[in-house]
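Open your viewer and show the model as a cartoon.

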Amino acid sequence: MDSVTFSINKRSRQPEYMDEANLKGAEMQQILKDLRFVNTFLGGTKITVEGIEKLLKNKDKSINYTILDIGCGDGEMLRRCADFAAKNDYNFNLIGLDFNPQIIEYAASISTNFKNISFKSVDVFSEEFKTLNVDICLCTLFLHHFEDEKIVKLVSRLYENVKIGVIVNDLNRNPISFFTFKFIRHLILKNKIARHDGLVSVARSFRKKELQSYAAKIKATHQTIKWKWAFRYQWILKKA
């Protein structure tokens, strides 16, 4: 694995091995399990669910809301959304998108108990994506995979395609999180790709002023960017 460098002033451009479309089999499954463990352990799923709760506050619970999760991985976020809906009397139609068909197949295989979850292999920059009609779009640990100019294009497209709003949940580029993870990753993660890509993710992630600069270029009715534990940002774009 390549060494990973960190800069507080500039996002890394180093690619992640997980972005390879041919990742599959037992190694892919172990990587997804490792990522699920870290995200759950650090409370990452809670940040997105909190965002959904904010967007749906005072809205009619009898309506069936369609929620799209881009870069859904193994579907863990959608399963937690389904749990939230069941506990709070919401009706959710949950759709997971990922460009890797092997990941989509695996996500579907471990989500069979959730009848309101489905998965598609769709490129978010394709014309097919524009045809998806959704209320809320989730973007969890996905935004940092892109360069700055594509981030504005992506979030703008998500915002245009939703009826209610977009929830971005991503990492804060912070030396404490980078060097802490660098020293403990071998203890908590089994797969070497997950250990490498986790470090790259932090190096590619965001300072608040960077998110604010993207937000300034997006014509959204209402936006909030809040720091959350552990070293995350919750960026919500809400329509009127």
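**First stop: a bent helix**

Helix H8 (192-204) is part of what covers the buried residues of H7. Keep in mind that you are looking at a predicted model.

Now select H7 itself, residues 175-188. Which of its residues are buried? Show the side chains of Ser177, Phe178, Phe181 and Arg185: these are the buried residues of H7. Residues three or four places apart in an α-helix point the same way, because each turn takes 3.6 residues. Look along the helix with that in mind.

Next, check the length. H7 has 14 residues and runs 19 Å from its first C-alpha to its last. That is close to the 20 Å expected at 1.5 Å a residue.

Where is H7 kinked? Centre the view on Lys182. The kink there is about 40°.

Then move to the N-terminal end of H7 and select Asn174, which caps it. Draw a distance from a side-chain oxygen of Asn174 to the backbone nitrogen of Ile176, and look for 2.7 Å.

**Second stop: before the helices**

Select Gln14, in the segment before helix H1 (25-41). Is Gln14 buried or exposed? Its relative accessible area is 16%, and buried means under 20%, so Gln14 is buried. The backbone oxygen of Ser3 is 3.3 Å from a polar atom of the Gln14 side chain.

Start with the background. Most residues other than glycine have a negative phi, and most peptide bonds are trans.

Select Asn58. Find it in the loop between helix H2 (44-55) and strand S1 (64-70). Asn58 has a relative accessible area of 76%, and the cut-off for exposed is over 50%, so Asn58 is exposed.

Jump to Leu141. This residue sits in the loop between strand S4 (134-140) and helix H6 (148-161). Leu141 is not a glycine, yet its phi is positive, at about 55°. How accessible is Leu141? It counts as partly exposed, at 27% relative accessibility.

Finish at Trp229 and Ala230. What kind of peptide bond joins them? The bond is cis, with omega about 0°. Ala230 lies in the loop between strand S6 (222-228) and strand S7 (232-238). Zoom in on the bond and view it from the side.

Note on methods:
Residues are numbered from 1 along each chain as its sequence is written. This is a predicted model: local features need pLDDT of at least 70, side-chain atom pairs count only at pLDDT 80 or more; totals for chains, interfaces and linings use all residues. Side-chain values use heavy atoms; hydrogens and water are left out. Helices (H or I, at least four residues) and strands (E, at least two) are DSSP runs, numbered from the N terminus. Buried means under 20% relative accessible area, exposed over 50%, partly exposed in between (1.4 Å probe, protein chains only). A polar contact is a pair of N or O atoms within 3.5 Å; within protein, one must be able to donate a hydrogen and the other to accept it, and residues adjacent in sequence count only if both atoms are side-chain atoms. The expected span of a helix is 1.5 Å times one less than its number of residues. The bend at a residue is the angle between axes fitted to the seven residues ending there and the seven starting there. Contact means heavy atoms within 4.5 Å.
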